[in-house]
Amino acid sequence: MLADGISQPTAVPAQYRIRDGVAKVVRKGSIVLISPHDGTAVRVSPVAEELMPLLAAGASFDELTQKLRDRYPQAASLGTKLSAFLQQLQKSGLLENDARPAVKRRRTPRLKLFELDPAAALVARGIKALPDWLGRALWYGILLSALCGLLVLIFSGALPHPRQLATEFNGWGLAIFALLVAPLHEAAHAVACRLAGVPVGAAGIMIHNWFVPGPYVETNQTYRIRGRRQRFWVPAAGPAINLIAAGAAAWGLWLLGPDEPTVGFLTTLFLLAVLFLYLDTNPLTPSDGSHMLEALLDDELARVSALSRRRGRLSDPKTVAIYRIAASVHLQGSLVLLYFWWMH
């Protein structure tokens, strides 16, 4: 029933039931089940969708099979296809049953510190109090100013060399990035969620790759946002903060000149902001960049579909092609820019 082939499980649980809170949303005319806890998404076929009422109440494998036989008496291999569908739900953590616990997914270690929703809602209310045209003008004006700062620095010949991140590393630049830019990056995600009308969860510290700490904010309700543009801005708001930080540092480097004592921390801040701007917009990994592209394509499974042959049929072929082209352009364009930057 799912587009990707999965072997039939060796054991069949006695009872199947969709976990509480799993949402059913429509993306490009197809049905996607999304976990509100971690955003896990599974696309289901129209045939599988007919089983949703039974799965919501809880049903045995035989009951589900009989439902399909009554609806499609001429169909072949119903049991095998049903097993594949149920196994996919089980592996994605969307299914619970009374025979065995749901498969646990490996999670990044997180330390919750506080609930960010009240503060994000307050900031969002303040922004909404502004006339719509004024809010847009301020936001896009800030982004444009940051871009202009980057261009001025590039064409003035004062662009720091990438190796200076190591050779002239400045602790104050790192501190400002870690204590100001990174938290603002996560706060921007939260405010964007609230501006789109959905709540956010807790904020805290997560450990990337088991040893690199960084802030995070839970935005698992993004799937409830209907408009593509609004869904795009939830992940895009974070990299936008990185861009603004890079632009502000660029203006500072250009205006102050090379002899000022603040050049050291501005150089480190600038290079860190540019580095994380690239990493956060990378569509090859589960990042803000992949979520931005998935929002524009209206498909939460676009990345896994585009980057996996086995799951390539989970999404529309046009969506897969566009995602692959965008990922290739991002990667190759970044390499070209890095080459010219390094050689300048």
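The model is a predicted one, so local features need pLDDT of at least 70 and side-chain atom pairs count only at pLDDT 80 or more, while totals for chains, interfaces and linings use all residues. Residues are numbered from 1 along each chain as its sequence is written, and side-chain values use heavy atoms, with hydrogens and water left out.

Thr-319 sits in helix H13 (residues 317–343); helices are DSSP runs of H or I, at least four residues, numbered from the N terminus. With 0% relative accessibility, Thr-319 counts as buried (under 20% relative accessible area, 1.4 Å probe, protein chains only).

Next comes helix H4 (residues 78–91), whose 14 residues reach 20 Å from first C-alpha to last, close to the 20 Å expected at 1.5 Å a residue (1.5 Å times one less than the number of residues). Of those 14 residues, 10 are buried, so H4 is largely enclosed by the rest of the structure. Among them are Leu-78, Leu-82, Phe-85 and Gln-88. After H4 comes Gly-93, with a positive phi near 75 degrees.

As for helix packing, the axes of H6 (residues 132–155) and H9 (residues 228–256) come within 8 Å and cross at roughly 45 degrees; axes are lines fitted to C-alpha atoms over the stretch in contact, with angles from 0 to 180 degrees between N-to-C directions.

Terms used: Helix = DSSP H or I, 4+ residues; strand = E, 2+ residues; numbered from the N terminus. Buried < 20%, exposed > 50% of the residue type's maximum accessible area, 1.4 Å probe, protein only.
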